[in-house]
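Have the model open beside you as you read.

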Amino acid sequence: MKKFKLGVLAMALVSMLGFTSCLDSGETSNTRTFTGPLRVSNFMGLYTLYTPFGGVLTPLNPELLEGVNDYSQYTWAFYSVDYDTQDENAAELDVTVLSYFYVRDGIVAEIAPAEESKLAPVRDVNFDEFAYNNDARGMFYGVSDLFVPIYYYMRNVDTDDKDETNAELAKHQFTLSYNPSEDFNASTMTLHLTHVVSDLEEGGTFTQSTGNIQHFNLASPLETYEQTYNTNPSRIIISFEQNSTNNDYENANEQEFSFDYQAVVDYYETWENSNGSNE
């Protein structure tokens, strides 16, 4: 199995920022498991994974990663490290990838998409399956690359058919848009999530629930915010139209999902000030 389906990640919630130890025949093992966003380099099938803190990971089972970077240079992986054979302070480590998500890149724009006739609501936006107590620190790669789990409806497909599933998912595009004069204030930055279905037609049937991790680079709105307020926002709000039963706007309601962005900044500043160590 190459990737987890959204909704069945509970067993992978080890810790976005830490690790757990495993037991082997009643004895403590020095194999530790991690999960979180990784940047992917793929050179002719040779994969290298980079952590947000400068670590370089070489997968011992690269065959599992075929196509991992088809839609983004990032993935969300669940992997283990055997420290019985490696120095846990080393910058480069061999790892075993246990499973992963395909991450898809979303768009960040100062104006919203114009194709109103192709807009669709979403079922939900939250960190619940990925970050304990809505802790956004594990949802960032650095301070500007944000990973957002988005749950929505698509047309019924055979999920065991990779080509059919990917063809449907490719028709769903997500954008975070903003108007600085209206969406920024002295403490918060609001981003509006837009869901566009490229071939949306009236009367189309969208009954199959799905979800993707979408990657958004927030460098541009964060820079605009800092130029205006000479600081970073304390909180980031994602506003979205929600219909929890289908793909129709008829019964949709505007919802907001927010998180503590200052905690993300503080976390990375602490790491930088300790010369790259998060201990």
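**Charged pairs, one by one**

Asp 135 is partly exposed, at 24% relative accessibility (buried means under 20% relative accessible area, exposed over 50%, and partly exposed in between, with a 1.4 Å probe and protein chains only). Its partner in a salt bridge is Arg 137, with 2.7 Å between the closest N and O atoms; a salt bridge here is a side-chain nitrogen of Lys or Arg within 4 Å of a carboxyl oxygen of Asp or Glu. Arg 137 is partly exposed as well, at 27%.

A note on what you are viewing: this is a predicted model, where local features need pLDDT of at least 70 and side-chain atom pairs count only at pLDDT 80 or more, while totals for chains, interfaces and linings use all residues. Residues are numbered from 1 along each chain as its sequence is written, and side-chain values use heavy atoms, leaving out hydrogens and water.

Now find Asp 199, which forms a salt bridge with Arg 155 at 2.8 Å between the closest N and O atoms. Asp 199 sits in the loop between strands E13 (188–197) and E14 (208–217), and Arg 155 in the loop between strand E11 (145–154) and helix H1 (162–169), so the pair ties together parts 44 residues apart in sequence. (Helices, H or I, have at least four residues and strands, E, at least two; both are DSSP runs numbered from the N terminus.) Arg 155 and Asp 199 also belong to a salt-bridge network with Glu 168 and Lys 171.

Finally, Glu 88 and Arg 32 meet in a salt bridge (3.2 Å, N to O). Glu 88 is partly exposed at 38%, whereas Arg 32 is buried at 13%.
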